[in-house]
Amino acid sequence: MNTFEYAPAPESRAIVDIKPSYGLFVGGEFVDGHGRSFKTISPSTEEVLSEVAEADETDVDLAVKAARRAHSRVWGRMPGKERAKYLFRIARIIQERGRELAVLESIDNGKPIKETRDVDVPIAAAHFFYYAGWADKLKYSGHGTESLGVAGQVIPWNFPLLMLSWKIAPALACGNTVVLKPAETTPLTALLFAEICQQADLPPGVVNIITGAGDTGRTLVSHPDVDKVAFTGSTEVGRAIAKSVAGSDKRVTLELGGKAANIVFDDAPLDQAVEGIVNGIFFNQGHVCCAGSRLLVQESVADEVLGRLKRRMGTLRVGDPLDKNTDVGAINSAEQLAKIRRLSQIGEQEGAERWSAPCDLPDHGFWFPPTVFTGVTQAHRIAREEIFGPVLSVLTFRTPGEAVEKANNTPYGLSAGVWTEKGSRILKVANALRAGVVWANTFNKFDPTSPFGGYKESGYGREGGRHGLEAYLR
Ligand code: NAD
């Protein structure tokens, strides 16, 4: 518990200019939609931030047409070294406007400013820098040099700007044009990115941003003139998309859910492991596809690790996302909060023991305290289903073989963590894990040069690195 008085250190929101309403970004300009509109709110205060257009079928069609025109007349014909200049320019503007993007993301998403400032925005810029470098070197990619055409891209709310950059940067570098739909609860940084495209003088129609919910996404991915579908989101929606494009010649990549094991062996440096466990599940309120939501700890050190973990959880600051000292921000929506509460209740009903860090939660907004469940078995729903919140399930193991078996006993296969001081054990365990990414003695490390993606129900295709070019080339 804190023994000193705490002085809040809120970041000013004066730098952002949130307009009362937003249209759609189509053909290089903001236009009115033909459909309805919806409100985007701040999850930490429930304040209405803006009214945003909901793209209907006509709007989706206009956006796809704008992207097609831009591809056939300009972008698809432009030499790679010219395209690279635009990508470099966008990367630099993201850096220059980094504070604005960070504050806006924290307000619209609820995540702490220290994360948007130090993780989301710098890595988004890094993706544009990295893929700018590839634009004139595609012949060395090993995946062809020809663009596919128009990419329809749909992203979730947990890393709105970062997921946008994972999608748009490689697509543009390869000569494709895009229509991107951000999630309905977090449209604002994508709309600010549209302004950045204008500022960078990107030719009209190369990037189109259409806002809306599931219906808009469904209309986009099933549009007959979309050549490539790139989706990040839940496994359930990913499955529906895979069905809807089956039989067409659209290319598809799906980045879906996860239920990662974070495996701690008894020879691990325990304080560092505890930091890694905290980072693994409480970073971004646990709204992370690769979150270390299942802690597998070796039985001989389980009590010690849990004692240290609870002490550390007691020091996490939960609250105002704009406060620079906040560790855990708001849950992104009332709907997501209800899902986290429901699964946590099921955990208790199934006999697992719940412990939540003692903390004062704000009166308004959507909040859930950092929580750990012990006495969890593999049959428990909290060990099998993605909770997508600050909730950790703890299981124990005795041998490395048992750890691997339990870690792989999941329908997902996105990521995993291994904590041990033996390099040979890291290699052996990592090779046996069915997970797209395995971190050793660290967690949640992202870099544009490193491919990311899943096995099994976590989807298919890779984003990032040279591998990330494959999805956008023939
Ligand atoms: P979601 O699937 O509900 O929504 C994702 C996006 O799809 C949103 O923009 C939504 O409007 C849109 N959508 C909804 N129904 C659609 C449909 N029928 N057709 C087309 N688009 C549709 O997921 P979410 O709740 O926003 O995001 C959380 C999920 O995303 C989690 O499962 C998480 O693991 C996953 N995720 C995965 C990765 C990864 O790289 N593997 C990264 C981030 C998040």
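Two exercises on this predicted model follow, each with a worked solution.

**Exercise 1.** Locate the largest pocket relative to the domains and describe its lining.

*Solution.* 

Step 1. Start with the volume, which is about 1200 Å³ for the largest pocket.

Step 2. Find the centre. The lining comprises 45 residues, and W157, F231, G233, S234 and V237 are the closest to the centre of the pocket.

Step 3. Assign the lining to secondary structure. Two or more residues come from each of α7 (214-221), β9 (228-232), α8 (235-245) and α11 (334-349). The largest share is that of α8, with seven residues.

Step 4. Sort the lining by class: 19 residues are nonpolar, 13 are polar and 13 are charged.

**Exercise 2.** Determine how helices α4 and α5 pack, and which residues make the contact.

*Solution.* 

Step 1. Two quantities describe a pair of packed helices: the angle between the axes and the distance between them.

Step 2. For α4 (residues 113-134) and α5 (residues 160-173), the angle is about 5° and the axes are 9 Å apart.

Step 3. Apply the cut-off: angles under 35 degrees count as roughly parallel, so α4 is roughly parallel to α5.

Step 4. List the contact residues. Helix α4 contributes D120, V121, I123, A124, H127, F128 and Y131. Helix α5 contributes L161, L162, S165, W166, I168, A169, P170 and A173.

Step 5. Sort the contact of α4 with α5 by class: twelve residues are nonpolar, two are polar and one is charged.

Terms used
Residues are numbered from 1 along each chain as its sequence is written. This is a predicted model: local features need pLDDT of at least 70, side-chain atom pairs count only at pLDDT 80 or more; totals for chains, interfaces and linings use all residues. Side-chain values use heavy atoms; hydrogens and water are left out. On a 1 Å grid over the protein atoms alone, a cavity is a set of points where a 1.4 Å probe fits but cannot get out, and a pocket is an open set with protein on both sides within 12 Å along at least five of seven lines; lining residues have an atom within 4 Å of a point. Grid points are joined across faces, edges and corners, and a volume is the space filled by probe spheres set on the points. Helices (H or I, at least four residues) and strands (E, at least two) are DSSP runs, numbered from the N terminus. Ala, Val, Leu, Ile, Met, Phe, Trp, Tyr, Cys and Pro count as nonpolar, Asp, Glu, Lys and Arg as charged, and the others, Gly among them, as polar. Domain bounds come from an automatic or database domain assignment. Axes are lines fitted to C-alpha atoms, for helices over the stretch in contact, and angles run from 0 to 180 degrees between N-to-C directions. Angles under 35 degrees count as roughly parallel, over 145 as roughly antiparallel, 65 to 115 as roughly perpendicular and the rest as oblique. Contact means heavy atoms within 4.5 Å.
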